[in-house]
Amino acid sequence: MATENGSKQDPQTLIRSCASFLACRDFNTCRQLAHCIPRSDPNIIVQVDQILTIVHVLSAAQRRVSDANLDWYSILRLRREDSANRDLVRQQFKNLMRLLNPNNNKFPFADDALMRVREGWFVISDPVRRASFDREIDEDKKKGTSFWTMCPYCWYLHEYERKYEDCTFRCGNCQKTFHGVEVKPPTKDMMVEGKEQYYCYQVSLPCRYPVDENIIRDSNGGIGLQSNGKKRMRMKTMARRVRMKGFIEENSDADTDVEQEGVL
């Protein structure tokens with residue numbers, strides 16, 4: 001890399017500049033500068049590769065596939081279709097571990113990059129965890145083309161193409177019209193195992209009830225107080241209802257509604 005007067009800078013000076021940009025987490029500038037360093041010396045080649053590996057891993061770690069997972073394929077420099085090749089995954093993991101070895105790599109954030117690589121190996125190397133991660137990727141891609149909305153009258157969830165967002169829909173269950181406002185899609189803990197159904201929880205609310213004289217306790221454990229012949233109020237939590245409803249697809253018939261009730 002040449003300076004303004006035409007002279008070339010020392011590679012070690014450029015490497016120190018890269019380290020400074022890396023410490024500031026200016027990954028783009030660090031990457032551009034590292035690619036300009038001449039690879040004429042084996043020691044320089046190793047240092048440049050170490051810097052670029054840190055930059056690549058931490059840049060890839062800025063993207064999340066879900067709340068629980070980063071883009072592990074990008075972090076490990078793997079294509080999704082190659083992830084089933086365990087030997088390839090293992091070799092790529094070893095290469096990254098070698099470049100990020102804290103005994104040799106003294107550049108800023110090398111330990112952070114090493115931790116991300118280990119986390120990626122933990123997910124991608126296991127077939128079960130990898131399959132779960134692949135499903136999250138597919139769901140993330142699907143979010144861009146569709147959205148979920150809920151009928152405010154019967155609580156049924158509907159999924160429509162993104163182009164219909166903010167339109168007016170007719171619920172396939174209660175036949176009432178509603179405004180299609182996007183809501184969070186059903187999570188795994190809401191799903192009914194083995195069925196296209198989900199649970200919808202109604203919030204329990206405190207209610208006031210009058211009670212008689214002195215301290216009394218009813219069969220449900222509620223407590224009331226009375227002073228000087230005047231009635232006071234006590235707080236009681238109502239039953240929490242758990243409703244199990246089926247998904248309603250566009251232009252489909254209504255499913256049955258099963259309601260379960262229990263007192264907390």
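I start with a definition: contact means heavy atoms within 4.5 Å. The model is a predicted one, in which local features need pLDDT of at least 70 and side-chain atom pairs count only at pLDDT 80 or more, while totals for chains, interfaces and linings use all residues. Residues are numbered from 1 along each chain as its sequence is written, and side-chain values use heavy atoms, with hydrogens and water left out.

Arg 64 lies in the loop between α3 and α4; helices here are DSSP runs of H or I with at least four residues, strands are runs of E with at least two, and both are numbered from the N terminus. The relative accessible area of Arg 64 is 48%, so this residue is partly exposed, a class between buried, under 20%, and exposed, over 50%, for a 1.4 Å probe and protein chains only. Asp 140 stands 76 residues from Arg 64 along the chain, and their C-alpha atoms are separated by 9.8 Å.

Let me turn to the helices. Two packed helices are described by the angle between their axes and the distance between the axes. Here the axes are lines fitted to C-alpha atoms over the stretch in contact, and angles run from 0 to 180 degrees between N-to-C directions.

Helix α1, residues 11-23, packs with helix α3, residues 42-60, at an angle of about 15°, the axes being 11 Å apart. α1 is therefore roughly parallel to α3; the classes are roughly parallel under 35 degrees, roughly antiparallel over 145, roughly perpendicular from 65 to 115, and oblique for the rest. From α1 the contact involves Pro 11, Gln 12, Ile 15, Cys 18 and Leu 22, and from α3 it involves Asn 43, Ile 44, Gln 47, Ile 51, Ile 54 and Val 55. By class, these residues are 8 nonpolar, 3 polar and no charged, where Ala, Val, Leu, Ile, Met, Phe, Trp, Tyr, Cys and Pro count as nonpolar, Asp, Glu, Lys and Arg as charged, and the others, Gly among them, as polar.

How does α3 lie relative to helix α6, residues 110-124? The two axes come within 9 Å and cross at roughly 60°, which means that α3 is oblique to α6. Ile 54, Val 57 and Leu 58 of α3 meet Ala 110, Asp 112, Ala 113, Arg 116 and Val 117 of α6. This contact divides into 6 nonpolar, no polar and 2 charged residues.

I now come to the sheet. It is open, with 3 strands in the order β2-β1-β5 and antiparallel pairing; two strands pair if DSSP finds at least two bridges between them. At the edges are β2 (157-161) and β5 (182-183), each pairing on one side only. Strand β1, residues 146-150, runs antiparallel to β2 and is joined to β2 by 5 bridges. Trp 148 has Glu 159 in β2 as its bridge partner, and Thr 149 has His 158. The hairpin of β1 and β2 has 6 residues between the strands, and Trp 155 takes a positive phi near 70° there.

Finally, two loop residues. Arg 77, between α4 (72-75) and α5 (86-99), has a phi near 55°, a positive value in a residue other than glycine. Gln 175, between β3 (168-170) and β4 (177-179), is not a glycine either, and its phi is positive at about 65°. Arg 77 is partly exposed because its relative accessibility is 40%, and Gln 175 counts as partly exposed at 45%.
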